[in-house]
Amino acid sequence: MNYKYLLFDLDHTLLDFDASQALALQAFCQAHDLDYNDQILADYHAHSHRLWHQLELGQLTLDQLLDRRFKEFFQPHLDHLDGRSLDDQYRDLLVVHNQIFPGADRLLLDLKSAGYQLVAATNGVSDTQRKRLAQVQWLDLFDHLAISGELGHSKPDPGFYQAIYKMTGADDTSAYLMIGDRLQSDMLGAHQAGIDSLWYNPHQAAAPADLPLTYQVQDYARIRDILL
């Protein structure tokens with residue numbers, strides 16, 4: 001093990017997206033006089049997750065996802081409004097209500113101090129992800145930002161990782177470790193790119209038999225044990 005580049009997924013790995021999403025969706029519903037409760041949050045989460053999964057499978061573009069997400073879910077209440085503008089409003093609220101997991105700050109600082117180069121490797125909209133990183137003062141912690149909305153490729157597409165190699169100037173796959181919570185995007189993407197993977201699995205879900213994982217951890221302490 002001689003890693004130089006640590007590729008970090010952001011949402012659900014370092015950023016507490018579920019907490020941010022709940023607060024942002026509640027504020028969005030209030031702004032549009034829409035009902036909000038736990039069931040609406042759960043239904044929206046399933047709807048958004050389904051669209052992002054289609055994106056990861058190459059069945060949907062990011063533009064299509066952003067155009068459809070809120071118009072479809074709140075149909076017919078918001079039919080008179082532009083779908084992209086609605087998504088812009090929601091993502092602005094995500095920035096306002098951005099949350100991080102306890103210990104994420106310290107983990108990144110210690111890895112940076114240990115000499116690793118940190119790469120934010122995230123599927124998302126460029127402007128939103130950059131603002132969220134700025135809001136938690138992490139922009140200077142990351143040496144490179146690999147955001148699907150900028151690269152034109154989303155995890156697990158091998159093109160996403162090829163873009164990172166160009167960004168860092170290093171194509172030795174043994175120098176990279178992908179750290180993330182998503183099997184379909186993070187772990188499958190790493191496997192297809194030929195780089196090692198660390199599955200962050202705090203909920204202790206069952207590991208798939210058909211997807212090789214280099215490491216599997218349930219907390220940041222174990223990441224420290226492996227890398228520090």
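This is a predicted model: local features need pLDDT of at least 70, side-chain atom pairs count only at pLDDT 80 or more; totals for chains, interfaces and linings use all residues.
Domain bounds here come from an automatic or database domain assignment.

The assignment divides the chain into two domains. Domain 1 comprises residues 5–16 together with 100–227, while domain 2 covers residues 17–97. Taken over C-alpha atoms, the centres of domain 1 and domain 2 are separated by 24 Å.

Let me turn to the sheet. What is the order of its strands? The sheet is open and has 6 strands, arranged as E3-E2-E1-E4-E5-E6, and the pairing is parallel. At its edges are strand E3, residues 144–147, and strand E6, residues 215–217, each of which pairs on one side only. From one strand to the next, the twist averages 20°.

As one example of this pairing, consider strand E4, residues 176–180, and strand E5, residues 196–200. These two strands run parallel and are joined by 4 bridges. Within E5, Ser-197 is the bridge partner of Met-178.

Two helices deserve mention alongside the sheet. Helix H6, residues 126–135, packs on the sheet and touches both E2 and E3. The direction of H6 makes about 140° with that of E3. Helix H5, residues 104–113, lies across strand E1, residues 5–8, and strand E2, residues 117–122. Relative to E1, helix H5 runs at about 160°.

I come now to the interface. How many residues of each domain are in contact with the other? On the side of domain 1 there are 18, and they meet 17 residues of domain 2. Between them the two domains bury about 1400 Å², with 57% of that area on carbon and sulfur atoms.

There are also polar interactions to report. Across the interface, 7 residue pairs are in polar contact, counting pairs in which both residues have pLDDT 80 or more. Which elements of domain 1 each supply at least two residues to the side that touches domain 2? They are H6 and helix H9, residues 183–193. H6 gives the most to that side of domain 1, with 4 residues.

Elsewhere in my notes is the pair Arg-182 and Glu-56, which form a salt bridge whose closest N and O atoms are 2.6 Å apart.

Thank you for your attention.

Conventions
Residues are numbered from 1 along each chain as its sequence is written. Side-chain values use heavy atoms; hydrogens and water are left out. Two strands pair if DSSP finds at least two bridges between them. Axes are lines fitted to C-alpha atoms, for helices over the stretch in contact, and angles run from 0 to 180 degrees between N-to-C directions. Contact means heavy atoms within 4.5 Å. Buried area is the accessible area (1.4 Å probe) that two parts lose on being put together, summed over both. A salt bridge is a side-chain nitrogen of Lys or Arg within 4 Å of a carboxyl oxygen of Asp or Glu. A polar contact is a pair of N or O atoms within 3.5 Å; within protein, one must be able to donate a hydrogen and the other to accept it, and residues adjacent in sequence count only if both atoms are side-chain atoms.
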